[in-house]
Amino acid sequence: MTAVSAPIPARKRRWLPGRDARTAYVYLLPAFLVMGLITFYPLIYQVYMSFTDFQLRNLRIGSEAPPFVGFDNYIRILGNNLSIPNFHFVRMLFFNIWWAFSNVVIHVVLGVLIAVMLNTPGLKFKRIYRAVYILPVVIPPIIVATVWRNMFDADNGAINNLLQIVGGLFAIPAEVFRINWLREVQDPIPFVPLPLAYFALLTANTWLGWPLNSVVATGALQSIPGELYEAAEMDGASAWQRFRNVTIPFLRPAMLPYAIYGFVITFNLFHLSYFMTAGQPFGRTELLVTQAFRLVNEQRQYGVAAAFAVFMFFILLGITIVTNKLARATARYDA
Amino acid sequence: MKRHLRLAALVAGAAILLAACNTGTATTAPESTAPESMAPESMAPESQAPAALSGQLTLWHSYSSGAGTELDALNEVLEAVRAENPDLTVDVLEVPFNDLFNKYNTDAATGAGPDLFIAPNDSLGFQAREGLILDLDAMLADKLGDITETAVNGSKVDGKLYMVPESLKAVGMFYNADTVTTPPATTDELLAAVEAGDIKAGFFGGNNGLYHNFGWWAAFGGSLMDDTGTCVADQGGVPDAYAYLAELQEAGAQFFPNYDDMANGFKDGSLDLIVDGPWATGGYKETVANLGVAPIPAGPSGPAQPLSGVDGWYINPSTADPQLAVDFALRMTNQEAQQVFVDKAGHIPANANITISDPITQGFADAVATGFPRPQVAELDNFWGNFGNAQQQVLETGADATEAIATACSEMNTANGK
């Protein structure tokens, strides 16, 4: 009796589910099955597709398997050998990273500054301001993109019209302000290889992006104990010193994860690039996600698109690992 | 009592469900669905009274993408067809033209999609090669006797019919006859009039307006491919055509990257002359009181040759009843139906027996007659992107036309393995 009930080593016991654990696994099973079917299976299938010459004819269930092409799709992407005009993978990748980075920096800085201003004691109508500045977030993305595209129209857009009115006050001819915001080929700033369309996109996305940053910052600001400011003031700290040594350290735990989230969201922000500029001029505002869509929807190169998506997965994984490390390194404010 | 009610509701629901599932097949006469009825000998000749159509069909169209008059014509013909065939149910879905082929191709590739749809032969070759549309060669034998040779040829890929032809199309030069009394007949006349400020001309440019500008190529002696499908656009003519368009732009003509901007400019009177197709006639007639159409001006090498195409009904290979779909398409394209589209929507009829009374429609019929039939070879798939990009470079960056066309041609040939 005693011989068969020898104690199981603690290390081994961890892997044998107890009664409670077994119940938990049973409850989790449906979720695992659904996840496996709608998430993991497509992901694995996509990796398989990326090694094949998957075409339209292979979509039908029961159709013949697409030919295996090894790493050919990956090599074609890296070698810009896709017969798509203006396709340049590395240029697109760097633009995409810069696009996400520049947006997040502006959104966070603007969001925090406005939140600090709105947090001023005694400011009237705070609730109205907060309700108004959150409006851009609730407008459907395609409408945002369409409205901004129309506003940036060279001939009839509101931006050029406004500039023409203001310019008229200074006797500047209206022709000067027929700016082709979304298709101008000449870069507006010498030695900065970014087209004017990038700045138009940046403007639209800044309008769209700062409010939520401000909401997060407002929440964090309201959690800072007022005594800390009083103590700092008694120690003779200036307004800047109070902001730098009290406000920022308390904002950081809330803002940093949100900034990382914002980076990933902006990195994959489809609607502005696709509907506002359509990647113009000459593919210079194309993002990886819009290019992936074009590969499927316009080029019907399913195998290449799958390889493209695998690249995107690893790029975002790398960015997430780096940003997570940064987040851990800077998360502590009590150090 | 409650239980009885539930049971009754359940039985009623099941009955409705069964009836709904049954509708598509039961109302179709077995004779018309049987494979043997597809054989040409079992088909009634066109001259005999056609049998009533029965069954259910789903069709797609993009007729609101134009001026809207095509939709009116479609509804009128559909109403007549429904009245003639009370056992026929037709579900109509409009799909924006820009999405039409992608949506259909993806759906059809997975065995879904409508029973049939109407569209130009823009990607007929691709769809036929991919097996996305039904080979109609046997089913249309002896059925297209009244259809012009141009329309029949435009419905074929590798000698086989894949479409029931409805109308023809090619772009021409719309002008406002109030401001342009004599439309320019040559490229030199057009350039001089634009330079002098007598004509405010606008064209569809950018990377998407390639189809609209294809006609200029022949006027300067250019052509796209040789018999082997190798791009030869870099061997003279095409760069001259683009150099001319750049000169025209320099002189004051506008090239719009967005089609709507050009169309709206013509409608609101800020443009006197544009190049566009017959699908837009209805919209222009509403706003331009004295509308005229002329061929695209001839160049130093001869007349312009716009790309001519054929609109027709495509049948989905996955349709439950191919014979019904073909019979319906033939009814939608018979002489009576085509007359409605000609009169209401300015279509250029595929049927040779229809006389055109409207001078605008006749103008486009002339453009079609001199047009260059759209090739259906696989090599054309790599034409649009590369040459659209070249056109945009010339018109928007001032790039050298010879260099831009040479690059586009070389990339097209590389992609085609030439």
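Two strands pair if DSSP finds at least two bridges between them. Strands (E, at least two residues) and helices (H or I, at least four) are DSSP runs, numbered from the N terminus. The model in these views is predicted, so local features need pLDDT of at least 70 and side-chain atom pairs count only at pLDDT 80 or more, while totals for chains, interfaces and linings use all residues. Residues are numbered from 1 along each chain as its sequence is written, and chains are lettered from A and ligands numbered from 1 in the order in which they are written.

**View 1. An open sheet of five strands in chain B.** Follow the strands in the order β9-β8-β10-β7-β11, and you will find that the pairing is mixed. β9 (254-256) and β11 (291-294) are at the edges with a single partner strand each, so one side of each has no neighbour in the sheet. From one strand to the next, the twist averages 25 degrees; here axes are lines fitted to C-alpha atoms, for helices over the stretch in contact, and angles run from 0 to 180 degrees between N-to-C directions. Four bridges link β7 (residues 172-176) with β11(B) in the antiparallel sense, and Asn176(B) stands opposite Leu291(B) of β11(B).

**View 2. Helices packed against this sheet.** Helix α11 (residues 259-267) of chain B lies across β7, β8 (201-204), β9 and β10 (273-276), and runs at about 155 degrees to β8(B). α15(B) also packs on the sheet, where it touches β7 and β11, and its direction makes about 15 degrees with that of β11(B). Touching here means contact: two residues whose C-beta atoms, placed from the backbone, lie within 7 Å.

**View 3. Strand β1 of chain B and its parallel partners.** Is β1 (residues 55-61) mostly covered or mostly open? It is mostly covered, with five of its seven residues buried. A residue is buried if 20 or more other C-beta atoms lie within 10 Å of its own, exposed if 12 or fewer, and partly exposed in between, with C-beta atoms placed from the backbone. Seven bridges join β1(B) to β2 (residues 88-94), and Thr58(B) faces Asp91(B) across that pair, standing opposite it. Two bridges join β1(B) to β3 (residues 116-120), where Leu59(B) stands opposite Leu116(B).

**View 4. The buried face of helix α14 in chain B.** Which residues of α14 (residues 335-345) are buried? They are Ala337(B), Gln338(B), Phe341(B), Val342(B) and Ala345(B). Seen down the helix axis, these fall within an arc of 140 degrees, so they line one face of α14(B); the arc is that of the directions from the helix axis to the C-beta atoms. Their cover includes α3 (69-84), β6 (164-169) and α15 (359-369) of chain B. Just after the helix, Gly346(B) takes a positive phi of about 70 degrees.

**View 5. Thr228(B), an exposed residue in a loop.** Look for Thr228(B) between α9 (215-219) and α10 (238-251) of chain B. Thr228(B) counts as exposed because it has 10 C-beta neighbours inside 10 Å. From C-alpha to C-alpha, Thr228(B) and Asp72(B) are 43 Å apart in space, and they are 156 residues apart in sequence.

**View 6. Where chains A and B make contact.** Chain B brings 16 residues to the contact and chain A brings eleven. On the chain B side, α4 (97-109), α16 (384-397) and α17 (401-415) each supply at least two residues, and α16(B) gives the most, with five.
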